[in-house]
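Trainee: I have a model open on my screen and would like to learn how to read it. Could you walk me through some features, one at a time?

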Amino acid sequence: TASDHRSTLCVGALEPRQGFRDAIWAFDILHYVFGDARLTLVGDGLQRADLHHFAAALDQTAHIDFLCQREDVPQLLHAADV
């Protein structure tokens, strides 16, 4: 599908072992190279608030979407670039 941005989607429990913090860190670099990049995190967990704070510290909250658990994950995956 045509999109006005490059989208990366991560799905899973927002727990330290899942690597979501690393995904946000990598996205910060990716967004520097591709200004149209967006990151979507789908899931919930103990690290949710920490991930929000980390995204804010990197000044990336306008480019990162935090979604709770969703039933439409297959459609989200289909629409994502990565």
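Mentor: Gladly. Let us begin with the salt bridge, which is a side-chain nitrogen of Lys or Arg within 4 Å of a carboxyl oxygen of Asp or Glu. Keep in mind that this is a predicted model: local features need pLDDT of at least 70, side-chain atom pairs count only at pLDDT 80 or more, and totals for chains, interfaces and linings use all residues. Residues are numbered from 1 along each chain as its sequence is written, and side-chain values use heavy atoms, with hydrogens and water left out.

Trainee: How many salt bridges does the structure hold?

Mentor: There are 4 salt bridges. In one of them, the side chain of arginine 6 meets that of aspartate 36, at 3.1 Å from N to O. This pair links distant parts of the chain, 30 residues apart: arginine 6 is in strand E1, and aspartate 36 is in the loop between H1 and E2. The labels H and E come from DSSP runs, numbered from the N terminus: helices (H or I) have at least four residues, and strands (E) at least two.

Trainee: Is aspartate 36 buried or exposed, or something in between?

Mentor: The scale first: buried means under 20% relative accessible area, exposed over 50%, and partly exposed in between, using a 1.4 Å probe and protein chains only. Aspartate 36 is partly exposed at 33%, and arginine 6 is partly exposed too, at 41%.

Trainee: Which side chain does aspartate 65 meet in a salt bridge?

Mentor: Its partner is arginine 38, at 2.8 Å from N to O. Aspartate 65 is partly exposed, with a relative accessible area of 28%. Another salt bridge joins arginine 70 and aspartate 72, where the closest N and O atoms are 2.7 Å apart. Arginine 70 is partly exposed at 35%, and aspartate 72 is partly exposed at 25%.

Trainee: Now the strands. What is the order of the strands in the sheet?

Mentor: Two strands pair if DSSP finds at least two bridges between them. Here 3 strands make an open sheet in the order E1-E2-E3, with parallel pairing. Strand E1 (6-11) and E3 are the edge strands, each pairing on one side only. From one strand to the next, the twist averages 15 degrees. Strand E2 (residues 37-42) pairs with E3 over 4 bridges in the parallel sense; leucine 41, for example, has phenylalanine 66 in E3 as its bridge partner.

Trainee: And which helix lies across those strands?

Mentor: For angles, axes are lines fitted to C-alpha atoms, for helices over the stretch in contact, and the angles run from 0 to 180 degrees between N-to-C directions. Contact means heavy atoms within 4.5 Å. Helix H1 (residues 20-33) lies across E1, E2 and E3, and runs at about 170 degrees to E2.

Trainee: Which residues have the most contacts inside the largest nonpolar core?

Mentor: A nonpolar core is a set of buried Ala, Val, Leu, Ile, Met, Phe, Trp, Tyr and Cys residues joined through side-chain atoms within 4.5 Å. The largest one has 15 residues, and Ile24, Leu39, Leu41, Ile64 and Phe66 have the most contacts inside it. H1, E2, H2 and E3 each give two or more residues to this core, with H1 giving the most, 4 residues. Leucine 41 touches Cys10, Phe20, Ile24, Asp65, Phe66 and Leu67, leaving out residues up to four places away in sequence.

Trainee: Is glutamine 60 buried or exposed?

Mentor: Glutamine 60 is buried, with a relative accessible area of 5%. This residue lies in the loop between helix H2 (48-57) and strand E3 (64-67). A polar contact is a pair of N or O atoms within 3.5 Å; within protein, one must be able to donate a hydrogen and the other to accept it, and residues adjacent in sequence count only if both atoms are side-chain atoms. The side chain of glutamine 60 makes such a contact with the side chain of aspartate 28, at 2.9 Å.
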